[in-house]
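Q: Hi! Could you walk me through this one while I have it open?
A: Happy to, let's take a look together.

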Amino acid sequence: PARVVVLLSGTGSLCAALMAADRPSFTVVAVGADREAPGLAAARERGVPTFVVPLADHPDRVSWDAALAGAIAAHRPDWVVSAGFMKLFGPAVLAAFGGRLLNTHPALLPAFPGAHAVRDALAAGVTTTGATVHLVDAGVDTGPVVAQAPVPVLPGDDEARLHDRIKAVERVLLVDTLDDLASATTPSDQPRSTP
Ligand code: GAR
């Protein structure tokens, strides 16, 4: 199976869904964070290795980014998934993992990029928002879209309620998308039959 490192900053419900997915195409080999995030607990309970690389432990973002790239690389991932990781990646992470670094975002990009996507969608009065899985590039939520799923905005929605419904859709979208990508790109353990 493809080796997946998941990065998070918060609750980690998306990470938990990836660890519980039980798809033969991928396995979560480590979970990293930029702080002692609550989401690390689920990994520790499963015996999945964790690492924490706080920005405050480094003199600047460049050295933090280099340390993060090293911590990720130590687990030799085929794919890296940013699942509620709330910091922007720098040049070292992008150089090492560009093209196999996925982010999941709680809006239909290019609509509502940034850290407050759910709040911004509510404020704009849209009737449909959703979730996006995309490849990460140097911009803020700008990389190529891989998959999207819509979620209706319902009367009476507040940010928490709408975000909970988006995350329910987002968990399925992320697991299915990673399954598709990992199946397509990771050589199977079976020997190939020669034509
Ligand atoms: C998810 O909705 C994810 O898309 C969002 O944070 C949530 C994490 O949920 N990420 C961003 O907003 C990134 N800009 P979780 O901690 O329960 O997995």
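**Helix packing, core and a loop residue**

A: To start, α1 passes α6 in a right-handed crossing, and please keep in mind that this is a predicted model.

Q: Nice. At what angle do α1 and α6 pack?
A: The angle is about 40 degrees, and the axes of α1 and α6 lie 9 Å apart. Angles under 35 degrees would count as roughly parallel, so α1 and α6 are oblique to each other.

Q: Which residues meet there?
A: From α1 come Ser13, Leu14, Ala17 and Leu18, and they meet Lys167, Glu170, Arg171, Leu174, Val175 and Leu178 of α6. By type, the residues of the α1 contact with α6 are 6 nonpolar, 3 charged and 1 polar.

Q: Switching to the largest nonpolar core: which residues touch the most other members?
A: Those are Val6, Leu18, Phe26, Val31, Trp79, Val81 and Leu178, out of 37 residues in that core. The largest share, 8 residues, is supplied by α6.

Q: And what does valine 6 touch?
A: Leaving aside residues up to four places away in sequence, valine 6 touches Cys15, Leu18, Val28, Ala30, Val31, Gly32, Val81 and Ala83. Apart from this core there is another one of 19 residues, including Val5 and Phe97.

Q: New topic: where is leucine 88?
A: Leucine 88 is in the loop between β4 (79-82) and α4 (91-97).

Q: What does leucine 88 touch, beyond residues up to four places away in sequence?
A: Leucine 88 touches Arg61, Trp64 and Val140.

Methods. Residues are numbered from 1 along each chain as its sequence is written. This is a predicted model: local features need pLDDT of at least 70, side-chain atom pairs count only at pLDDT 80 or more; totals for chains, interfaces and linings use all residues. Side-chain values use heavy atoms; hydrogens and water are left out. Helices (H or I, at least four residues) and strands (E, at least two) are DSSP runs, numbered from the N terminus. Contact means heavy atoms within 4.5 Å. A nonpolar core is a set of buried Ala, Val, Leu, Ile, Met, Phe, Trp, Tyr and Cys residues joined through side-chain atoms within 4.5 Å. Buried means under 20% relative accessible area, exposed over 50%, partly exposed in between (1.4 Å probe, protein chains only). Axes are lines fitted to C-alpha atoms, for helices over the stretch in contact, and angles run from 0 to 180 degrees between N-to-C directions. Angles under 35 degrees count as roughly parallel, over 145 as roughly antiparallel, 65 to 115 as roughly perpendicular and the rest as oblique. A crossing is left-handed if the near helix is turned anticlockwise from the far one by less than a right angle, and right-handed if clockwise. Ala, Val, Leu, Ile, Met, Phe, Trp, Tyr, Cys and Pro count as nonpolar, Asp, Glu, Lys and Arg as charged, and the others, Gly among them, as polar.
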